[in-house]
Amino acid sequence: MLNLSKDADSNLKSTVKPRYLVLGSGSVGFALAKELRESNKLVIIVDKDEAKVETLREEGFEAIVGDISDPELVDKIDLKNVVVILFLTSNNEANRKGIENFKKAVNPDVQLFSRASDIINKEKMEDLGADYVFMSSKLVASSLSRSLERAESVHRGNRLARWLKGIRDKKLAIVIHDNPDPDAISSGLALKEIAKSIGVEASILYHGRIGHQENKAFVNLLGIDLGKMEENGLKGFDEIALIDCSIPGVNNMVPPNSFVGIVIDHHPPGETEIKAEYIDIRPNFGATATIMTKYLQQLNINISKTLATALLYGIRTDTQDFKRKTDPADLSAASYLYPLSNHGILDQLEQPSMATETLEVLGEAIRNRQVIGSYLLSNVGNIRDRDTLPQAADYLLSLEGISTTVVFGVTEDRIYISGRSNDIRINLGEVMRQAFGEDAGGHANAAGAQIPLGVFSATKDRQTLLRLVNEAVVKRFLSAVGVESAGE
């Protein structure tokens with residue numbers, strides 16, 4: 001005779017499918033029961049309406065007649081293998097009584113879910129021991145909101161595709177911002193791929209230089225083809241798209257007041273009116289690469305390993321690995337791109353060598369730092385590579401007691417400024433714009449500015465020039481944040 005030990009018997013029982021107890025078969029309860037059954041779950045439905053119960057049985061459900069608020073109902077139901085109990089009637093009082101009765105009868109590991117009509121009843125049910133309480137109106141609103149987002153995404157994708165189809169016989173210049181970073185470069189690459197899928201010839205153009213060692217490695221390892229505005233300008237192009245920037249002549253070499261076909265960016269534009277045939281600016285997103293990933297998904301465009309790697313790295317760098325100004329859309333886009341990416345290249349990009357100039361500028365930033373309260377400002381003097389400034393600003397932000405850093409340096413004709421902040425009380429982009437004008441801006445915690453030297457450029461004594469620049473930048477910034485500099 002086969003003999004089952006107690007342990008063996010216990011193991012057999014554990015293989016029985018878990019069951020869901022649905023109390024209330026109104027519109028919500030019945031819809032959920034159907035979903036659960038379609039997912040191959042075992043469901044028991046309880047309702048006090050005998051006619052409903054009979055109909056449910058005819059449809060193949062295990063259904064029981066019972067009143068959710070009746071304390072004796074607990075004894076009428078086999079609760080073995082029940083993992084979740086759902087109180088789904090529209091009667092708040094009945095749901096509360098049901099929670100109270102079943103909470104006493106079931107094991108602590110059985111989850112109790114309940115429906116509530118308002119926040120007050122939600123809190124009461126949670127106090128009684130419900131593990132999760134939802135309000136139908138909020139669920140409907142949330143579901144509708146997601147549907148509206150999808151509809152908006154479809155609308156945007158169709159409009160962009162329509163615009164590109166209208167210029168099939170023309171050449172498109174995709175202009176990214178000066179001294180571009182991975183977010184701008186990858187976003188330009190994505191638009192080029194979208195244009196190619198529609199039959200539009202496009203080239204990515206930039207002004208300045210790619211100086212940051214990580215950015216150089218990014219372009220070289222992925223073999224990204226970029227054109228220099230200084231060499232080509234816009235001759236030979238019929239249409240212009242601005243990517244990761246939005247105003248002609250501001251942080252790009254497009255002549256001011258030029259006609260622009262497309263603007264796609266995630267930087268807040270401030271008070272300046274953006275003019276273009278097609279505009280998509282989403283300041284809530286942490287990266288323009290996120291916007292472009294959404295377009296690729298919506299338009300069902302195959303994403304190559306190179307493009308996926310570029311976009312993922314662009315999102316990660318602009319959000320500082322999702323620690324700075326990150327929207328759920330950034331996480332969703334990164335999740336989509338991750339399995340498509342080349343992780344060997346990503347590993348190489350995360351461990352670049354540090355250029356000598358970067359090390360020198362970092363040393364100057366530490367040596368010349370001026371601390372006023374929690375603000376740190378540093379004049380690093382003459383620079384060749386403006387990309388060294390944000391690296392120094394990032395590093396100095398880690399110093400104890402510092403909430404905001406501003407690092408600035410001078411080239412032959414301009415002052416370049418980079419700032420970082422973890423102070424939730426200030427919007428650094430707005431502060432920069434207020435202090436240094438329309439050629440400044442950025443995000444709440446990362447921003448920059450560039451100021452023409454103007455009459456100062458005629459100063460023959462470089463040390464005098466640097467002293468005048470230091471006084472002007474420090475005074476303007478501190479005035480913008482409402483702090484008096486030392487000695488005033």
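**Exercise 1.** Determine which residues of α11 meet which residues of α12, and describe the geometry of the pair.

*Solution.* Step 1: Ala289, Thr290, Met292, Thr293 and Leu296 of α11 are in contact (heavy atoms within 4.5 Å) with Leu307, Leu311, Gly314 and Ile315 of α12. Step 2: sorted by class, this contact comprises 6 nonpolar, 3 polar and no charged residues; Gly counts as polar under the classification. Step 3: α11 spans residues 288–298 and α12 residues 305–318, and their axes come within 8 Å and cross at roughly 145 degrees. Axes are lines fitted to C-alpha atoms over the stretch in contact, with angles from 0 to 180 degrees between N-to-C directions. Helices are DSSP runs (H or I, at least four residues), and strands are E runs of at least two.

The model is predicted: local features require pLDDT of at least 70, side-chain atom pairs count only at pLDDT 80 or more, and totals for chains, interfaces and linings use all residues. Residues are numbered from 1 along each chain as its sequence is written, and side-chain values use heavy atoms, without hydrogens and water.

**Exercise 2.** Characterise the interface of domain 2 and domain 3.

*Solution.* Step 1: the domain assignment places domain 2 at 149–350 and domain 3 at 356–481. Step 2: their C-alpha centres are separated by 27 Å, and the contact takes 19 residues from domain 2 and 16 residues from domain 3. Step 3: the two domains bury about 1400 Å², 39% of it on carbon and sulfur atoms; this is accessible area (1.4 Å probe) lost on being put together, summed over both parts. Step 4: Asn179, His212 and Arg324 supply 30% of the area that domain 2 buries against domain 3.

**Exercise 3.** Which side chains meet in a salt bridge at 3.5 Å, N to O?

*Solution.* Step 1: the criterion is a Lys or Arg side-chain nitrogen within 4 Å of an Asp or Glu carboxyl oxygen. Step 2: the side chains of Arg209 and Asp385 form such a bridge.

Notes
Domains from an automatic or database assignment.
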